[in-house]
Structure formats: C-alpha cells, structure tokens
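Colleague: I'd like to go through the calls on this one. Can you show me the structure and tell me what backs each label?

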Amino acid sequence: MEIWRLPISASQRGKLISAGYTSLSSLSSISSSDLARELNVSESEAMNILKVASHSRGSETSNASCSIVEGAQSAWDMLHDEESLMHITTSSADLDNILGGGIHCKEVTEIGGVPGIGKTQLGIQIAVNVQIPNDFGGLGGNSIYIDTEGSFMVERAFQIAEACIEDMSEYNRFLRKDFQECKIKMQPQDILENIFYFRICSYTEQIALINYLDKFLSENKDVKVIVVDSVTFHFRQDFDDMALRTRVLSGMALKLMNLAKRFSLAVVLLNQVTTKHTEASFQLALALGDSWSHTCTNRIVLYWNGNERYAYIDKSPSLRSASAAYSVTARGIRNSSSSCKRIKMM
Amino acid sequence: MANKLISEIPLPKSIANVFSARNISTAKDALTLTEFELMELLDVGLTEVRSALSQISEIVAPPYQTALSLMEQRFQNEHLGGHFPTGLKGLDAALCGGIPFGVLTELIGPAGIGKTQFCLKLSLLASLPTNYGGLDGRVIYIDVESKFSSRRLLEIGLRSFPEIFQMKEMAQEMAGRILVLRPTSLAEFTQSLEQIKVSLLQKQVKMLVIDSMAALVSGEHEQGARRQQTLSWHISFIKSLAEFSRIPVVVTNQVRSRNHEDASRYSFQVQSRDGAIGTTMQYDSHLVAALGIQWAHAVTTRLVLEAKSGERFIKVAKSPISPPLAFPFHITSSGISLLSDDGKEVMGPEINAIHCQVNSYWNLCCNVKKCRAQ
C-alpha cells in the first residue's frame, strides 16, 4: 500500500514523501515522536498518521495500545479470555464453589497440608477429572502426574476412575433422559491410559523433567493438567545452600507458569508442611520458605477442623478467602455432609 | 541419573569442551545453574545455552509410563500386584492386599505395645515360600535396640506354621534367611545402609525392617529441627532403596510427649477464635511421633498401635488406599493377631492420635514380659 492512498491531508502527505517515506512498511517501525521531529509536525498529528497507516496495513488488532507496547493485551480483551477459561472440577461441589468453578487453567495452584489430609487423593482426583469429556462439562484432556515420593497408588487411581465413570452414567440417566442416551463408552482402563506417570528420584531429575516438559507438551497437545506430588520432597533433603535452593525453586516456578500459559493447562503443585516460629509460638506453615510462597498464583491449605477436612484459600488474585469442607471417600474426593452419591450439575 | 557425566551426553563438540573447561562435569552441576549464570560462566549466547540445557534435560529426565501400563506391569511381575500380605486378614483387606512394595510403611506406638512382635512376625512371613504366603527370600533386620530374639522368632514359627518349623532343617533354613544387623551408632547405620544397597539385588533380599528409626537419633544430642536434618539424608536414601528394589520396607518409630515446639495450627486458624478450636484441643493427645513432621510426610503408610481402655488397637492412620480403620489386636504365642477382621472407622484426626492409657500401662508391661518369657 502506498503513501498516496492514505486518508490524510495533502500537506501531511507531501511532508511524508519529501521526508523519504514512500511506503507503509517504512512507517512501521518509527515512533510518533521521531516522526513528529522529521516531518516538523505536532506529536498528535504524527500519532494520527501512524494510526491511519497501521489501520490500512490491516494489522491484526484494532487496539491502539498494541502499537505502543509490543505483545501487550488490553484488560478488556483479557476479560474475554478469562471468562472462557475452563476449570477442572474437584468432584466436591463445595470445594468447586470456593474455587470459582474448579482448578483454573493457565494458572499454577499450590495445595499443601499435613500428612494424611488428602493431598495425593486430590491430586489423583484432578488427574482423573480432567479427562471428563466435553459433553459432561469437562476438558477431555490428558494429565501428567509427576511423583517425587512414590505415593501414587495405581489401585486407588483405578477406584477413583471407576467411580468417576459411574457418576457420569448417573448424570446421564438423570438429565439426558429426553435426548438420545449416549452410553458411556469409557472404561477405567482408558482413563488410566491417559495419565502420564513420571517418577522422580532427585531434584536434578525434577529440574530436568520440567525443562523437558516443553518438548513433551509440544508433542502431546492433549495434556491439560500437570500434577506434581510433591514439589517439596527433594528440596527438603541435602540442600546446604539455601540461596541456591531459592534460585532453583523460583526458576522452576517460572518455567511452570510459562508452560501453564503457553499450553493453556493447569499446574497443581502439592506441598508439605513444616513448623514455623512466629510471635513466640510455633505454627504450621507450608514448606519451602517465604520466597516460595510468593511464586505460586493460588494457594490452598488443607487442614483438620474438628472432625472434618477443610480447604482454605490462602492466596488468590481473583478468589476471596474462604474455606469449605470436603471428604475423602472410597470413590474419591466428595462433599462432606451427605453420605449418598451427589451428582454435580454442570 | 542426576550424576550423569556431561561427556556422556551427545552435545555439540564446542559446547561440550566449554563445559569441561569450566569444570561442569555432571548434569547436576549444569542444571542447578540458571541460564544467565551459565551464559556468564561459559561465555556463550542464550540460544546455545538453551539448546544445551534442553538436550541435557531430555537425557536426564526419566521416561514416562501410562498409569495403565504401570498397573499391568505390577500385576504381572510382582507378588499380588506389589503387596505383601501380613496374615492379618482385616488389615490386608484394608491395604488392598498387604504392605505395599517400594515405599515405607511405619509402625508407631508406645513402648511395649507390640511393634517388635509385629516386625518379627513379618520377617518370618517374608522368609517363607510363596505357597505359604511368603516372599521366599532374605530379610535384612536392622535391630538398633537389641530387641531381636531368635528364640521368640522360632516360637512364633512353631505355633503359626508347625508343619514347617517342626523339621529342624526347615527351621534352620527359614531362620537362616533373616539377617540381623546391630549398628550401635548413626554412623555405623549409615555405613550398613550403603552396603545394603549393594547386596539388595545380588542376594535376593525381599524385605528390609528397621527397628527402630527413632532410637538411632535419640542417641545423638541435637534437638528438634536439627535432629530432623540429621536424618534427612537417610530418609531420602531409604526411600530410594525401597523404590529401585521394589521391596516392602517396614520402619518402627517411637513416641514422645508433646512439647512446645509441636505446632498443630496454621496462622489463619489461630486468628479465628470460634468453637472449632475447643474441639481440636481434645484431639491433641500428649503423645506424638518421635521423628517429627518431615518424617511423617516421607512415609507412605502409617500404622498406629495404641492401647485404649485396656484394649490394643492397630489403626491405619495414613494410607493412600485405605479408609481410617482401627482393628483390635492381641499378642499371643503365635505372634500378633487381630481380634476382629472388621475394622471400626475412626472419624477425623483421632486416627492420628496415639493413646497409651496410664492405668493399664502397668498391665501392658506385665503382659509384654509374660509374652517374652514364654
């Protein structure tokens, strides 16, 4: 496209041509202040010329802000992205409610708690639930389970997968009566086949694997969640240099966040608990230190409250602080109050 | 895998030379540095550093397996899909077959409750041939407190499997499979562990018992957090031993009284002073595990043995597969046995509490002495 076609005033056109700008491509990389100086016009006029030029070039965005900062996205455009974001259900409606629908994709969620509270159970449940097909409101994706402690029990994953399929059949029967009853063809074995299991034996392997995931995910685009159980274990032993540990951990967290955003998947990190001395008393706190607590986007603490297991949103940019009860049953993670099967309405 | 030499990884010659010139010889050294540190150290550009790191990472990263192939592999190659039946039917049913292979199982309880008796029974079972429910292999028993009694072991064998143990040669064969080590200090224990790693695959060892883990550190002088740090290498090592050899590892732990360093609440819990605090207090029993919270995270299955109102219970306190059940048990001349195979479900954090009722403690000690003397 040539300069003489631009819908600008003749004098501006003349100044452009005499300054040596004959084609639109030459205007693509100049800033408005430089152009103003060269043409001897006001800055607002120069900005106008550039805007018109970019319009005519038919650039991708109609948003003026993009020509100012490369790669930026306006908050309004991001709103659309955020609203269409998928969530992974935890199979407990109360827990999903406080999470705003479930575990968010494109974000890193850290879940920590004392031994025996159900972290691995929740991790396995998420690895199964991500595979719920689109017809039932799920993501229909695969999962990566990174096991650093050896706590992944295949028999338990089978139990949870079986219960998930049974719940889907029940949902089918209750709600889609009038439509063609689509039989659930999924078997627990199919669900297990879509869980990619990695066993990590040292922190070096952990770092190497997270580096390698970049390539792995480009080859396996169906993966929609990465569960690391637990991210702490190898970093609590044999680390004499704490500063090194902090650097390595933050590097790892950044890579995971990068993976989450690029491949639109959810990252769930399970963390352990340690005692912290604060204000003349000892309290429980999630492990790996204060600098780690800044790195994750969302932070959920699982704890005992009386006789019930509770989840508390400790940190989140978009969810309010709330706690909800849940329970660990033979079928997996479920709501706490009722003992009968609950159908989650999607 | 972590100590893989850079020289063994197929990197382009130029960058491999630079790595060795700067003394970065193992993958571990290369991966713990950030990209910028490497750029500075090696004096190369970002793209070269990135490509070298991605090649190293690809080689060092472990291969994956689908959960389905993991399950098929376990059920094909391993005894009962990777479980060692304890002979206690209710417990085995709850644990989906028995004590899992490849991970740590902890027995915790007050003194005299029956932890060593349980370990003796398990060692015996593991040495038996498979048609009797055993693993048909050797057992390494690390006896820190010199509680191992071979007389008691043979008595258990005679009462539980008379057809085998009545014949002297068979009894000798079975007892001969149990190798007892008696380290007197943590340093000696560390040495034995390293030797064990070597002999695990060569000598057909099918189970490792450590009785007890807590006694090893109680001899050392550090307290609290320092004590935990002392053990962190051992925790990691024993777990990796269990993992690569795929054998059941049983470890016993002691109890101690709760002190001010034992926290049980988070900062957000302390702030909200509602009625829930009152109920949690009653579950904070005065006995806690001796080895601390880091150890508690490292074990996969925790079995709590306790005494309550004159009865003894074995509770499944932490397990990836079992609901929180408590089984009443007693100790007889043929070892430990359950009084009922139907476990009672325990709600809430009570499953983790360790009770040792003081009024029947004396009875407990007397019973133990009676059992041992028989």
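Modeller: Strands here are DSSP runs (E, at least two residues; helices are H or I, at least four), numbered from the N terminus, and two strands pair if DSSP finds at least two bridges between them. This is a predicted model, with local features needing pLDDT of at least 70 and side-chain atom pairs 80 or more, while totals for chains, interfaces and linings use all residues. Residues count from 1 along each chain, and chains are lettered from A as written.

Colleague: What makes S5(A) and S1(B) a pair?

Modeller: 2 bridges join S5 (195-199) of chain A to S1(B), running antiparallel; the definition asks for at least two, so they pair. Tyr197(A) has Gln65(B) as its bridge partner.

Colleague: What is the strand order in the open sheet?

Modeller: It has 10 strands, S13(A)-S12(A)-S11(A)-S10(A)-S3(A)-S7(A)-S6(A)-S4(A)-S5(A)-S1(B), with mixed pairing.

Colleague: Why are S13 of chain A and S1 of chain B at the edges?

Modeller: Each has a single partner strand, so one side of each lacks a neighbour in the sheet.

Colleague: What makes Lys215(A) and Glu58(B) a salt bridge?

Modeller: Their closest N and O atoms are 2.9 Å apart. The cut-off is a Lys or Arg side-chain nitrogen within 4 Å of an Asp or Glu carboxyl oxygen, so the pair qualifies. The count between chains A and B is 3.

Colleague: How many residues of chain A are in contact with chain B?

Modeller: 59, touching 59 of chain B, where contact means heavy atoms within 4.5 Å. Helix H10 (203-219) of chain A gives the largest share of chain A's side, 10 residues.

Key:
Side-chain values use heavy atoms; hydrogens and water are left out.
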